[in-house]
Amino acid sequence: MPVIDEVVLREAFGGGTGLVLNSPNTMEYYKTFDATRKAWNWCLHCERAYPQGSYRQVRNLQMCPYQGCDGDVVTDLWAWWKVRGGNPTYPQVPALGVQYSLRES
Ligand SMILES: [Zn+2]
């Protein structure tokens, strides 16, 4: 997967405090599940995609990196390929900040 400039990511996620970027090794998700680390993730709450290793640390919780989203990156994290599986017209590499609903309307 392409390396995305942290400035670009920070802007896409809305900045703010607790933002952690490019750090898959510290994500609970990857410690808990045997999942590929070279992936795009997708948030069940805001339906936006983010590259692996991005999250927002809020106290002891790892949350969706997008500012204002109440999804977490453990149970609300879906692999992008799964979302794409039901929506074949979605791009292989999702755009930052774009809402991709589970079913295309
Ligand atoms: Zn989210």
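**A walk around the sheet and the fold**

Visitor: In what order do the three strands of the open sheet stand?

Guide: This is a predicted model, in which local features need pLDDT of at least 70, side-chain atom pairs count only at pLDDT 80 or more, and totals for chains, interfaces and linings use all residues. Residues are numbered from 1 along each chain as its sequence is written. Strands here are DSSP runs of E with at least two residues, helices are runs of H or I with at least four, both numbered from the N terminus, and two strands pair if DSSP finds at least two bridges between them. The pairing in this open sheet is antiparallel, and the order is β3-β2-β6.

Visitor: Which residue in β3 is the bridge partner of asparagine 41?

Guide: Strand β2 covers residues 40-43 and pairs with β3 in the antiparallel sense over three bridges. For asparagine 41, the bridge partner in β3 is tyrosine 50.

Visitor: What share of the residues is buried?

Guide: A residue is buried if 20 or more other C-beta atoms, placed from the backbone, lie within 10 Å of its own. Of the 105 residues in the chain, the buried share is 25%.

Technical notes. Buried ≥ 20, exposed ≤ 12 C-beta atoms within 10 Å, placed from the backbone.
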